[in-house]
There are 2 protein chains.
Amino acid sequence: MRLTTKGRYAVTAMLDLVLHSQNTPVTLTEIATRQTISLSYLEQLFSRLRKADLVKGVRGPGGGYRLRQTPDLISIASIIEAVNEPIDSTKCGGEENCQHDSVCLTHDLWAGLSDHIQDYLSKITLADLIAQRDDRRNTTKCSEAIVKFDKPLKYG
Amino acid sequence: MRLTTKGRYAVTAMLDLVLHSQNTPVTLTEIATRQTISLSYLEQLFSRLRKADLVKGVRGPGGGYRLRQTPDLISIASIIEAVNEPIDSTKCGGEENCQHDSVCLTHDLWAGLSDHIQDYLSKITLADLIAQRDDRRNTTKCSEAIVKFDKPLKYG
DNA sequence: CGATAATTGACTATTTTAGTTGGTTAAGTA
DNA sequence: TACTTAACCAACTAAAATAGTCAATTATCG
């Protein structure tokens with residue numbers, strides 16, 4: 001699992017989507033202006049997020065994007081995986097010329113690390129991040145408009 | 001802490017350096033041919049590794065590179081940090097316009113993740129990887145020439 | 001002195017990331 | 001039906017990071 005700014009953009013956008021989800025879908029234009037990410041780049045990212053079944057696009061006026069599941073079911077790992085190309089860790093996978101040299105050793109290390117991060121991020125969901133935010137709001141001076149979830153949100 | 005192929009190259013090269021360290025320094029040309037990394041790219045990487053005091057260059061015939069410390073004192077984290085640009089995680093650090101929005105939340109997440117990986121990789125040393133390799137050699141069919149450390153190696 | 005190999009810097013190529021442009025398609029609204 | 005909205009799509013450009021090339025300098029060994 002690679003960690004680049006691309007995944008970070010995707011997580012930011014998804015978080016924005018959740019935080020501003022009322023019963024109506026959230027448009028990419030809104031997210032773009034709020035998070036200062038270019039609309040077209042968001043389109044690329046959401047194309048992948050949609051294909052990974054994390055979000056659902058709703059066309060036409062009043063349209064936008066909506067989560068497919070509740071935020072507690074969407075892990076950070078799944079978001080990052082969705083936007084990144086699958087990694088090619090099969091360089092010396094099971095080949096017969098494998099000599100357990102430094103290439104192989106590094107491969108093992110990276111695979112282990114990847115698993116580790118994967119494990120870590122798969123246990124953190126969008127809901128966790130929001131809960132963390134709510135915890136903080138009490139102790140900080142930040143005066144952000146509170147997004148209330150007084151009505152049950154639509155998903156899928 | 002970013003995880004890219006650059007750090008992976010650096011770790012691979014450092015591992016190769018350790019595995020082929022007799023009492024004489026190891027040249028970049030050797031590492032380049034063994035690991036199929038371009039010499040000039042290795043030069044760039046080792047320039048940084050040297051500035052981070054992980055290796056020491058020895059000029060002239062019979063020269064090459066040598067570890068500064070014993071392999072059990074060189075963590076994977078230190079290698080990756082050495083070759084990567086310091087990350088600019090100060091986008092919304094302590095600014096007054098911080099609203100704990102999704103940008104901030106993602107920042108917190110990333111910072112936490114970075115710490116986590118840092119912690120994980122700082123506990124793995126080059127010596128650990130070699131030990132892992134030695135464990136494996138007994139159970140595999142690989143017939144790599146064994147690098148014996150029958151003489152104490154020079155460092156620094 | 002001559003060969004070796006690090007050291008340095010400028011420069012090029014490739015890939016990834018990010019953004020732009022210009023459409024089409026679906027759905028809601030007047 | 002016409003118009004607007006906003007997803008969806010594809011080709012293209014720009015910027016950045018990664019990877020590699022080339023040429024020169026410097027230290028050291030024989």
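This is a predicted model: local features need pLDDT of at least 70, side-chain atom pairs count only at pLDDT 80 or more; totals for chains, interfaces and linings use all residues.
Visitor: Happy with that. How many residues surround DNA strand D, and which are the closest?

Guide: A residue is near a strand if one of its heavy atoms lies within 4 Å of it. Here 24 residues surround DNA strand D, and the closest are A:R50, A:Y65, B:T5, B:S40 and B:Y41. Of the atoms of DNA strand D that come within 4 Å of the protein, sugar and phosphate account for 71%.

Visitor: How do the residues of that surface divide into nonpolar, polar and charged?

Guide: Ala, Val, Leu, Ile, Met, Phe, Trp, Tyr, Cys and Pro count as nonpolar, Asp, Glu, Lys and Arg as charged, and the others, Gly among them, as polar. The surface near DNA strand D has 7 nonpolar, 11 polar and 6 charged residues.

Visitor: Which side-chain atom lies 2.9 Å from a base oxygen of DNA strand D?

Guide: That is a polar side-chain atom of B:Q44. On the phosphate side, an N or O atom in the side chain of A:Y65 is 2.4 Å from a phosphate oxygen of DNA strand D.

Visitor: Let's turn to salt bridges. How many are there over all chains?

Guide: Side chains of opposite charge can pair when their charged atoms come close. The rule asks for a side-chain nitrogen of Lys or Arg within 4 Å of a carboxyl oxygen of Asp or Glu, and the count comes to 9 salt bridges over all chains. In one of them, B:D16 pairs with B:R34, with the closest N and O atoms 2.8 Å apart. This pair links distant parts of the chain, 18 residues apart: B:D16 sits in helix 1 of chain B and B:R34 in helix 2 (residues 28–35) of chain B. Helices here are DSSP runs of H or I with at least four residues, strands are runs of E with at least two, and both are numbered from the N terminus.

Visitor: Is B:D16 buried or exposed?

Guide: Buried means under 20% relative accessible area, exposed over 50%, and partly exposed in between (1.4 Å probe, protein chains only). B:D16 is buried because its relative accessibility is 0%, whereas B:R34, at 31%, is partly exposed.

Visitor: How many residues of helix 1 of chain B are buried?

Guide: Helix 1 of chain B is mostly covered, with 12 of its 15 residues buried. Among them are B:V11, B:L15 and B:V18.

Visitor: Last topic: how many aromatic pairs are there over all chains?

Guide: A pair of aromatic rings is described by the distance of the centres and the angle of the planes. Rings of Phe, Tyr and Trp (its six-membered ring) pair if their centres lie within 6.5 Å; planes under 30 degrees apart count as stacked, over 60 as edge-to-face and the rest as tilted. The count comes to 4 aromatic pairs over all chains. The rings of A:Y9 and A:Y41 have centres 5.6 Å apart and planes at 80°, so this pair is edge-to-face. A:Y9 lies in helix 1 (residues 5–19) of chain A and A:Y41 in helix 3 of chain A, 32 residues apart.

Definitions and conventions
Residues are numbered from 1 along each chain as its sequence is written. Chains are lettered from A and ligands numbered from 1 in the order in which they are written. Side-chain values use heavy atoms; hydrogens and water are left out. A polar contact is a pair of N or O atoms within 3.5 Å; within protein, one must be able to donate a hydrogen and the other to accept it, and residues adjacent in sequence count only if both atoms are side-chain atoms.
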